[in-house]
Amino acid sequence: MQAICERATSPRNFLQSAHDLFQKWLDGVVTPLSGPKPVVVTQEAVDELIRTALVDSEAEYRKGYTAQIPDEQDFFGRVRTVLETVLTFSDERVTFGHATCGGKVMPPNLVLRGNGDVAPLMLAVSNAEGNSLGACVRNLVAVLKEGNYGRRAVLIRDRRCKAPGKSTADTLAGFDRLGGVYLLAGPEELGVLNAIYNTLSDVPSVLATR
């Protein structure tokens with residue numbers, strides 16, 4: 001089919017060539033058409049493609065790091081996609097959930113639960129500021145104290161956001177004492193995250209063309 005398509009100059013010519021070839025096959029005359037040789041994609045080639053995609057994507061993100069802070073939901077969506085994709089194809093059996101605090105506002109979050117004695121881990125993202133940030137952190141602390149979603153949590157925040165006020169800073173200190181991790185993400189962390197996300201999105205389509 002590929003050889004006929006490459007030689008055909010029109011739909012009519014394609015149909016005629018296909019008909020002639022089929023008729024010869026019925027008559028027992030084998031007339032193979034030479035087409036392009038199949039390309040074997042090695043594991044080394046795939047690894048190199050992934051490495052190149054990661055390096056290029058991270059470099060591109062670092063160049064635009066001073067641009068506008070990304071939308072919180074978009075940022076969380078990237079974090080969630082990376083985690084779910086990587087863990088789904090790993091040997092670990094992990095289920096994904098969502099932590100709530102009654103009807104109160106919670107930062108976008110993802111609860112990871114493994115099998116066995118591994119304690120659940122809550123991963124949250126918040127680029128909110130002022131009172132919104134304070135409310136999110138207070139509710140996050142309340143959820144940790146209750147322990148319904150485990151007592152381990154990571155709160156990621158873009159380093160370019162405004163520093164929290166004193167009251168919120170005190171609440172974050174309590175968050176740390178409970179075992180939470182407050183991570184200010186800069187160009188290094190965000191660059192790696194976005195590089196992995198873009199590579200997961202782009203490499204399958206690139207491989208399909210090879």
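Leaving aside neighbours within four places in sequence, D158 is in contact (heavy atoms within 4.5 Å) with Y65, I69, P70, N127, A185 and L190. The model is predicted: local features need pLDDT of at least 70, side-chain atom pairs count only at pLDDT 80 or more, and totals for chains, interfaces and linings use all residues. Residues are numbered from 1 along each chain as its sequence is written, and side-chain values use heavy atoms, with hydrogens and water left out. A search of the whole structure gives 7 salt bridges. A salt bridge here is a side-chain nitrogen of Lys or Arg within 4 Å of a carboxyl oxygen of Asp or Glu.

- D158 sits in strand β4; strands are DSSP E runs of at least two residues, helices are H or I runs of at least four, and both are numbered from the N terminus.
- D158 is buried, at 1% relative accessible area.
- Buried means under 20% relative accessible area, exposed over 50%, and partly exposed in between, with a 1.4 Å probe and protein chains only.
- R160 forms a salt bridge with D158, and the closest N and O atoms are 2.8 Å apart.

**E189 and R159**

- The side chains of E189 and R159 meet in a salt bridge, at 3.9 Å from N to O.
- This pair links distant parts of the chain, 30 residues apart.
- E189 belongs to helix α7 (residues 187-208), while R159 lies in the loop between β4 (153-158) and α6 (166-177).
- E189 is partly exposed at 33% relative accessible area, and R159 is partly exposed at 42%.

**E48 and R51**

- A salt bridge joins the side chains of E48 and R51, with 3.0 Å from N to O.
- Both residues lie in helix α3 (residues 43-63), 3 residues apart, or about one turn of the helix.
- E48 is partly exposed, with a relative accessible area of 41%; R51 is partly exposed too, with 47%.

**Nonpolar surface patch**

- F22, W25 and L26 form a nonpolar patch on the surface, with about 380 Å² of accessible area together.
- Patches take residues with over 30% relative accessible area and no salt bridge; like charges are joined within 9 Å, and nonpolar side chains (Val, Leu, Ile, Met, Phe, Trp, Tyr) within 5 Å.
- Accessible areas come from the Shrake-Rupley method with a 1.4 Å probe; for residues, only the protein chains shown count as cover.
- L26 is located in helix α2 (residues 11-26).
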